[in-house]
Amino acid sequence: MTSEHTQPLTIFLTAGEVSGDILGARLMRSLKEQYRGPVLFTGVGGPEMEREGLQSLFPMSDLSLMGIVEILPKLPLVLKRIQQTADAIINKNPDIVVTVDSPDFSFRVAESVQKRIKRTAKWVHCVAPTVWAWRPERAKKVARLYDGLICLLPFEPDYFIREGMSAAFTGHPMLENTAGLEQGERFRKKLGIPDDAFALGILCGSRHGEMGRTAKVLRDAVAQAAQEALNGSQLHIIAPTLSYLRQDVAALLKDLPYTVHVGTTDKWESFAAMDAAIAVSGTVALELAVSGVPHLIGYRMNTLTWSAVRRKVKVKHAHLANILLDDEIVPEFIQDRCEPRAMANELAPLFSRNGAAATAQRTAFARLKNLLAGSAGAAPSAQMADYILKLISVQ
């Protein structure tokens, strides 16, 4: 029987956005459960990680930026936060550094530290950069900066193993987010949605810029599709969002002639209550697929950002479900194709709950969940913690 560790394991963790904060918190919990001794955390995170015992060096929201145009005005602050984080790692001298997603921030922190001191801590990055989609040269860079890599998709490890580093698929953490999926009926009753009414989700994105560029298109597509496809049924719109966007979402949807529910809690319960959805492309699209909600996605970038990105993209799909299943199961409307009439044409068939379009998506989503599960039946966060502890040869 292995004895308890008497010395604490010191771990420096960083996360730069909401999804990373949730993943980081679950990883912290699993590390505390699996390590036979005290674990001390420092670093950068949001409210979920702070609930697990992390005192963040600065507000995580300082890092929640996306796109060239959005980042430029706040570049001095971001550079300051990179330096501040690197200084803290050097001063803390942890046993292990775990950076969660946010590659532009994470990799710059790693470079800053490793230029100044010899690497003594083990470095692990969680959420592999999408080298299979664009900028494949990043695989070599990750292998230079990190000892280990946690991958969320089953085909990712090989891209990094061939560069000589340790990498493992540990299952997708989204599969741990689904506790509310059995509560769809209860949630509909809570909102006063009748059984015979159609509940449509509108997911407007997590950034202010997405509201103006994409969410307005989604709203107009819903108005056109509903007018043509409702066939006399009531329509209730469910719009889960983040607290800092609630007023924007409510203002965006207020003129629709349907009952609109805008909420900032019970996200997975709200997914379970939806008959179909339309969403800004991003993490939420995979969440809808895991929840079994038929949907379509759209996205418009700033023109300058799009010009920079489109020359480097190597995949034919934007939605991860479509990439993993190698088929456009979920209709995609990106950039110039993201316009109300085209989206309304694809959304209208989803108003038939048991129609061919909705049934085909739900069948494909069942296959998708099996692909995302990882191994040994353990929760993804537990698989991640196991990988990290084995990498540093303690458990």
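In which loop is Asp266 found? Asp266 is found in the loop between β9 and α11, where helices (H or I, at least four residues) and strands (E, at least two) are DSSP runs numbered from the N terminus. The structure is a predicted model, in which local features need pLDDT of at least 70 and side-chain atom pairs count only at pLDDT 80 or more, whereas totals for chains, interfaces and linings use all residues. Residues are numbered from 1 along each chain as its sequence is written, and side-chain values use heavy atoms, with hydrogens and water left out.

Asp266 has a positive phi of about 60° although it is not a glycine, and at 25% relative accessibility it counts as partly exposed (buried means under 20% relative accessible area, exposed over 50%, and partly exposed in between, with a 1.4 Å probe and protein chains only). Val127, which is likewise not a glycine, has a positive phi of about 90°; Val127 is placed in the loop between β4 (122–126) and α6 and is buried, with a relative accessible area of 15%. Most residues other than glycine have a negative phi.

Strand β9 also belongs to an open sheet of 6 strands, which follow the order β9-β8-β7-β10-β11-β12 with parallel pairing (two strands pair if DSSP finds at least two bridges between them). Because β9 (259–263) and β12 (332–334) stand at the edges with a single partner strand each, one side of each is left without a neighbour in the sheet. Neighbouring strands of this sheet are turned by 15° against each other on average, direction ignored. Within the sheet, β10 (residues 276–280) and β11 (residues 295–299) pair in the parallel sense over 4 bridges, and Val280 has Gly298 as its bridge partner in β11.

Helix α10 (residues 246–253) lies across β7 (198–203), β8 (235–240) and β9, and runs at about 170° to β9. Helix α15 (residues 340–347) lies across β7, β10, β11 and β12, and runs at about 165° to β11.

A search of the whole structure finds 23 salt bridges, each defined by a side-chain nitrogen of Lys or Arg within 4 Å of a carboxyl oxygen of Asp or Glu. The side chains of Glu163 and Lys140 meet in one of them, at 3.2 Å from N to O. As Glu163 lies in the loop between α7 (157–161) and β6 (166–169) and Lys140 in helix α6 (residues 138–145), the pair ties together parts that are 23 residues apart in sequence. Glu163 is partly exposed, with a relative accessible area of 31%, whereas Lys140, at 55% relative accessibility, counts as exposed.

A salt bridge also joins Asp275 to Arg353, with the closest N and O atoms 2.8 Å apart. Asp275 lies in the loop between α11 (267–273) and β10, and Arg353 in the loop between α15 and α16 (356–371), so this pair ties together parts that are 78 residues apart in sequence. Asp275 counts as buried at 14% relative accessibility, and Arg353 as partly exposed at 32%. Elsewhere, salt bridges that share partners join Glu17, Arg207 and Glu210 into one network.

Terms used. Axes are lines fitted to C-alpha atoms, for helices over the stretch in contact, and angles run from 0 to 180 degrees between N-to-C directions. Contact means heavy atoms within 4.5 Å.
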